[in-house]
Each structure stands twice: as C-alpha cells, then as structure tokens.
Amino acid sequence: MGAGGFGTAWSRTFLPEARDRVRILAIADIDATARDRAGTALGVPAERLYASYDRMFDEVDADVCFIVIPPTARLAVVQAAASRGLAVLCEKPIAATWDHALEIGRIVRTTGIPFAVMQNYREQSRIRTLKGVLQRPEHLSVNLIESRFAANYTIETAGGAFRHHIPDAFIYEGAEHHLDQFRNLTGAAADWVQGHQWGTPWSTFGGPTTLSLVIRMATGTMVTYQMNHIERGEQYGWHREFYRISTEGGSVTLDRGNAIRIVRDTPGGEAIDEVVAPHDDRDGHHALIGRFLDWLDGGPPPFSTFDDNIETMALTFAAVEATHTGRRIDVGAKLAAGLATLPPARTGS
Ligand SMILES: NC(=O)c1ccc[n+]([C@@H]2O[C@H](COP(=O)([O-])OP(=O)(O)OC[C@H]3O[C@@H](n4cnc5c(N)ncnc54)[C@H](O)[C@@H]3O)[C@@H](O)[C@H]2O)c1
C-alpha cells in the first residue's frame, strides 16, 4: 500500500532484499505512475496493480500488508486490511492525530491482527552500538540527554514539500523518530513535555521549521531536543543526529558519524575512549522487516507493536499540544486516558 516517495525505497530496496521470505502479490496506489514504477521494480503484473486498495484486498489472497502511505490516510487502510485479517507493518507514525492512533489501536485489539510500526532508527548500527555502551554498568544511570537534528533545507529540498504546509507534520512525521529514540535509549516512558515551535522570516517554508522541547522521562532523565530544518551551519541531518548522554560514569557522545566518544573526568584529567559502530547494510528497515516476519513465523513480537508504539505517539502528540498551548503536558496522563478507551491488550499486540 503506497508506492510514492518513500515507497520507492520499499519497492527498490527493502522488499527485494526480503525476497527469500516475502512474495509481493499486488500493489495499490492512487497514483498510476507510482504503482507502475513499483510494479516494475517488484515484478508485479499489471493486473495486480490497483488504484483501489479495497479492490486489491478483495481480490488478492495475502498474509500481510506493508503500509507506506501518508499517516493522514492510514486509518481507513488499516481498517480495510484488518477486516480481511491481514497482518500490518506500517510506516511511522501510527497516524496523524492522537485520536486516529487510538482508533487504530481499537481495530488492532479488536481484530487481533499482528500490527507493528516501522521505527527503523532504533535498528541503526550506530544506535545499537550507542545503546550497548549505555548498558555498561557505569552508564546505567542517565542524568541528561542533549539531542539535535539540524539540516540545511529549503521548502524545495526538504522532501515532500506539501507535508511542510501541514500543521505539525514535521513533529509527528519527523521528530517522532527522535522521540521514539529517547524511549529506546532510556528504556523509559516520558513523564511530561513542554516546548515551542516557530518559523523565521528568512526561511522559505512559510511556517514553523524549528522545534525545541524539554522532556522528563519517568526515570528522572531530562532530555533537551532541537529539530531545525533551516540549519545553515553544522549539519546533523537524517542518520547523523547528535546525542550526548550524561551518565553516572561519564559522558557518551554520538556526533554525526558512527563513532561514540566516552569521556570520564578523573583526578588525572579526562579519560577518553572511543567505540566505532560497525557498518551494517542490513540494519534499519531490513532488520525490522526481518523481525516482523519472524513474528509472523511464530517468533517473538518486534519492539514496535501497537502497545509499545502508542507510548511514542502519546509523547509525540503531547509535544504538539505543548507547542500549541505553551503548557507542560503530562504524557503519562494522556496515555492512560487514551488507553482507558480501548479494549484490553491481547498478548503480543
Ligand atoms: N521510516 C523512514 O525513515 C521514513 C522515511 C520517509 C517516509 N516515511 C514514511 O512513509 C510514509 C509515506 O511517506 P512518503 O514520503 O512516501 O509519502 P508520499 O506522499 O511521497 O507517497 C505516498 C503515496 O501514497 C499514495 N496514497 C496516498 N493516499 C492513498 C490512498 N488513499 N490510496 C492509495 N494510495 C494512496 C500516494 O499516491 C503516494 O504515491 C509516511 O508515513 C512517512 O512518514 C518513513
């Protein structure tokens, strides 16, 4: 489902690399050029390329649906796939609003379909290595995280210009990756968030481009985070984000590349160590698609099931609310109130 901008990476790279485990039977996209391009890449015959996903689901006997359409269109597609009992692996975020994310949860819990979200940034080699360092006993107690995304974009170069005119999309589609990462790096839920989003007169975006958040995690760790789409200086773009983590045992910094610098202040001066993340061309999407397929084959669920990822959604939409109201938003209360409206969780959902 969905063969547009990022669907091209799915059809040219991610799915072909999983071809020993997945056979792509059909593709649906309302855009004929997009679905033809994906059909060619994946060897799907013309009669299995659909403009209507409902027709595709009716005519094709499949096990799983990969959803790569914009989050604004997600709810109806998940509903249609779930009503046919299809497992769903969908691109982040679950949905474009908190209410739709909960509605998808209601569908997942009612039908019991396997459902997971593509949080590929947790599966990057550089992040896995960073997390490995943080699991050393001396770094288990994390006091502070500083993190930034900063890219020198214009409205033309940011990718998918239309989405930069949709209010808050840069938070729930972009910052969402990093908000999920803070949960991953601390192993904790968010407690509260406050922040601000704004634009500058000289940017070409015409709306907010920059976000600044302060987050308290349930462990007491404080996170300061910036997302800047108009950084004319040092670049910390996608896959090169900055993380500096201050722990009981020193500071652990991942700065743009793949090297993690560990510094400990000692009476004799700074003791410096470095760990370099190994190159892994099967990390990210490849790894998470593999975990999802393992689950369908009877293995354990991946980390990004609905029940886990709804916590990232709670933080994300609390961040949106914080920037709109100027108030500190209680993420735990938002999550609890939302989950109270859903049927009970099923094992492994
Ligand atoms: N995980 C990542 O690193 C990553 C990177 C980029 C994008 N994404 C995610 O991928 C998803 C898609 O993003 P994109 O950049 O490809 O968007 P896009 O707009 O470029 O492509 C979306 C495609 O969906 C199709 N579509 C929309 N509504 C449809 C409907 N109702 N029925 C059938 N087809 C429909 C459009 O025609 C288009 O071809 C988003 O959720 C985005 O956040 C994830």
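User: How do the residues of the shell around the ligand divide into nonpolar, polar and charged?

Analyst: The general idea is to sort residues by class: Ala, Val, Leu, Ile, Met, Phe, Trp, Tyr, Cys and Pro count as nonpolar, Asp, Glu, Lys and Arg as charged, and the others, Gly among them, as polar. In this structure, which is a predicted model where local features need pLDDT of at least 70, side-chain atom pairs count only at pLDDT 80 or more, and totals for chains, interfaces and linings use all residues, the shell around the ligand has 12 nonpolar, 6 polar and 5 charged residues. Residues are numbered from 1 along each chain as its sequence is written.

User: How many residues surround the ligand, and which are the closest?

Analyst: A residue is near a molecule or strand if its C-beta atom, placed from the backbone, lies within 6 Å of it. Here 23 residues surround the ligand, and the closest are Gly 4, Gly 5, Phe 6, Asp 31 and Glu 91.

User: Which domains does the assignment give for the chain?

Analyst: Domain bounds come from an automatic or database domain assignment. For this chain the assignment gives domain 1, made of 7–120 + 284–305 + 331–339, and domain 2, made of 122–276. The centres of the two domains, taken over C-alpha atoms, are separated by 27 Å. Two residues are in contact if their C-beta atoms, placed from the backbone, lie within 7 Å, and the contact takes 12 residues from domain 1 and 13 residues from domain 2. On the side of domain 1 that touches domain 2, helix 8 (285–296) and helix 10 (331–339) each supply at least two residues; helices (H or I, at least four residues) and strands (E, at least two) are DSSP runs, numbered from the N terminus. By class, that side of domain 1 has 7 nonpolar, 4 polar and 1 charged residues.

User: What is the order of the strands in the open sheet?

Analyst: To read a sheet, we ask which strands pair, and two strands pair if DSSP finds at least two bridges between them. The open sheet here has 9 strands in the order 13-12-11-10-6-9-8-7-14, with mixed pairing. Strand 13 (269–276) and strand 14 stand at the edges, each with a single partner strand, so one side of each is left without a neighbour in the sheet.

User: In which sense do strand 6 and strand 9 pair, parallel or antiparallel?

Analyst: Strand 6 and strand 9 pair in the parallel sense over 7 bridges, and the bridge partner of Leu 144 in strand 9 is Met 222. Strand 8 and strand 9, by their own pairing, are antiparallel over 7 bridges, with Tyr 225 in strand 9 as the bridge partner of Leu 213. The hairpin of strand 8 and strand 9 has 4 residues between the strands, and in this hairpin Gly 220 takes a positive phi near 95 degrees.

User: Which residues stand opposite Trp 192?

Analyst: Trp 192 stands opposite Arg 216 in strand 8, and it also stands opposite Asp 330 in strand 14. Strand 7 (residues 190–198) pairs with strand 8 (residues 210–217) in the antiparallel sense over 8 bridges, while 2 bridges join strand 7 to strand 14 (residues 329–330), again antiparallel.

User: Which residues touch the most other members of the largest nonpolar core?

Analyst: A nonpolar core is a set of buried Ala, Val, Leu, Ile, Met, Phe, Trp, Tyr and Cys residues joined through C-beta atoms within 7 Å. The largest one has 95 residues, and those touching the most other members are Met 1, Ile 67, Val 88, Val 193, Ala 318, Ala 319 and Val 331. Helix 9 (residues 306–325) gives the most to this core, with 10 residues.

User: Where is Asp 168 placed?

Analyst: Asp 168 is in the loop between strand 6 (142–150) and helix 7 (169–186). Its phi is near 70 degrees, a positive value in a residue other than glycine, and Asp 168 is buried, with 21 other C-beta atoms within 10 Å.

Note on methods:
Buried ≥ 20, exposed ≤ 12 C-beta atoms within 10 Å, placed from the backbone.
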